[in-house]
Amino acid sequence: MSNRSLLSVLPVAEWPLPPGDRLPCALLLVTADGLVHSANATACAWFDGRTHAMTPLVRFLRLCGHDTRVGEIDAFMEGMRRTGEMRELRLALCRHTGERFSALLMGMPLIDPSGLYLGFDTMVLDLSRWQDREALVPYTHAEGLQAQLETRTRSNAMAMRDIDAFTQILSHDLRVPLRHARGYLRLMREHVATANDPLQAEYTQSALGAVDGMKGVIDAVLDFARLSRMPLDVQFVPLGPLVRGVLGHLGHHAHAPTVDWRIDGRWPGVRGDPRLLAQAFSHLLDNALKFTRGLERPVIEVGWRDGADGVRVIHVHDNGVGFDRRASDKLFMLFHRQHHPLEFEGLGTGLALTRRIIERHGGAIRCESSPGQGCRMNFTLPGDLASGAA
């Protein structure tokens, strides 16, 4: 007599236990109304099967009523009742120890010769224990996203480790020989001052300038690397006082008093790090001052408007020398300069640092310009819906 024939004539309480107590998978015998009649030793070890007999399957699998997986299991059982065919179900389960694992339920309906649906027996496989689980069955969408996240997390950790090593080299290994070179060059400058050799003095001073320039490059790269790693002190930032404070610090520019400043009278609040945002505004306004120098009527406009999804769109517009917009894709690159250093001083780091600050705040920055037509910087910052203008 087959197992199905036996079950059709025996009361449920007298159904035989499922075979395979030593198999590395859970075996369950489930009645038509979703009660676990019996389970092998593996199933009991996984799910703590010391519960009372005839436990509902969802409770045996340690799921509660509001869990979305309960609906999946109900559909799994109803599908076997309706079609009488084997079904499979992929879902994440949890052992009684708290360990989560990816499971595959394979159910086979039990139907007697008269066509009466008696229940089903099911095998629960722990897919996380298979060495080649992807060949067995593909990842679910959620598991695929989790695997991608873990891979990217590992890649980011490796990148941060490399940045740390690179920063260490910059901050110590390169600075030490530069300090030595600068010290010897200063001694050389003192020596040639008494030798009355103008050409040698010029060479020494040029070498000192090159060493100082290299030190500036190292400092800029260190600032850029630190900016990528330092945590943001995010808080509500009223932009009105921040912009006024930055303008106050720009007063040391001899050119600043000649500028026609057109600053919005009322400013919104944003969410961000006030120190970094002040640095971004300082770089943009400093650039605007630099590139309007020498104009008869320099004008710098700083304003804002509301953008989509609650963001603030801020602009800094000047009527300075401008630049060729065909090179705008390189404008925000570290050490990239649009003008010759003999015309305008600087290392070409301000806009690169500004873009990194804006992007770390979830915003974006772009530039509109033409030679001789000035420059307009537009960038976005996340707004604060509870804030007013200030």
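## Strands, helices and cores

S102 is located in strand β5 (residues 100–111). This is a predicted model. S102 has a relative accessible area of 7% and is buried, because the cut-off for buried is under 20% relative accessible area. The side chain of S102 makes a polar contact of 3.1 Å with the side chain of R90. R90 belongs to strand β4 (residues 87–94). With a relative accessibility of 16%, R90 also counts as buried under the cut-off of 20%.

The chain as a whole can be summarised next. The protein chain has ten helices and 13 strands. It consists of 390 residues, of which 37% count as buried. Its accessible surface is about 22200 Å², and carbon and sulfur atoms hold 56% of that surface. Among contacts with a separation of 6 or more, 57% are between residues 24 or more positions apart.

| Strand pair | Sense | Bridges | Bridge partners |
|---|---|---|---|
| β8 and β10 | parallel | four | D260 and V299 |
| β10 and β11 | antiparallel | seven | E301 and H317 |
| β11 and β13 | antiparallel | eight | V311 and P382 |

β10 and β11 form a hairpin with four residues between the strands, and D309 in this hairpin takes a positive phi near 60°. R62 also has a positive phi, of about 70°, although it is not a glycine. Most residues other than glycine have a negative phi. R62 sits in the loop between α3 (57–60) and α4 (68–83). Its relative accessible area is 40%, so R62 is partly exposed.

The loop between α9 and β10 contains R297. Is R297 buried or exposed? R297 is exposed, because its relative accessible area is 69% and the cut-off for exposed is over 50%. R297 and V259 are 38 residues apart in sequence, yet their C-alpha atoms are 7.1 Å apart in space.

Helix α8 (residues 239–249) has buried residues L239, G240, L242, V243 and V246. An α-helix has 3.6 residues a turn, so residues three or four places apart point the same way. The cover over the buried residues of α8 includes the strands β7 (235–238), β8 (260–263), β9 (269–272) and β11 (311–318). Helix α9 (274–291) is also included in that cover.

In soluble globular proteins, nonpolar side chains tend to be buried together. Which members of the largest nonpolar core touch the most other members? They are F281, I300, M377 and F379, in a core of 38 residues. Two or more residues of this core come from each of α7 (198–229), α8, α9, β10, β11, α10 (350–360), β12 and β13. The helix α9 gives the most to this core, with eight residues.

The surroundings of I300 can be given residue by residue. Leaving aside neighbours within four places in sequence, I300 is in contact with V259, D260, W261 and R262, among others. Further contacts of I300 include L285, A288, L289 and T292. V316, H317 and D318 are also in contact with I300.

Note on methods
Residues are numbered from 1 along each chain as its sequence is written. This is a predicted model: local features need pLDDT of at least 70, side-chain atom pairs count only at pLDDT 80 or more; totals for chains, interfaces and linings use all residues. Side-chain values use heavy atoms; hydrogens and water are left out. Buried means under 20% relative accessible area, exposed over 50%, partly exposed in between (1.4 Å probe, protein chains only). Contact means heavy atoms within 4.5 Å. Two strands pair if DSSP finds at least two bridges between them. Accessible areas come from the Shrake-Rupley method with a 1.4 Å probe; for residues, only the protein chains shown count as cover. A nonpolar core is a set of buried Ala, Val, Leu, Ile, Met, Phe, Trp, Tyr and Cys residues joined through side-chain atoms within 4.5 Å. A polar contact is a pair of N or O atoms within 3.5 Å; within protein, one must be able to donate a hydrogen and the other to accept it, and residues adjacent in sequence count only if both atoms are side-chain atoms.
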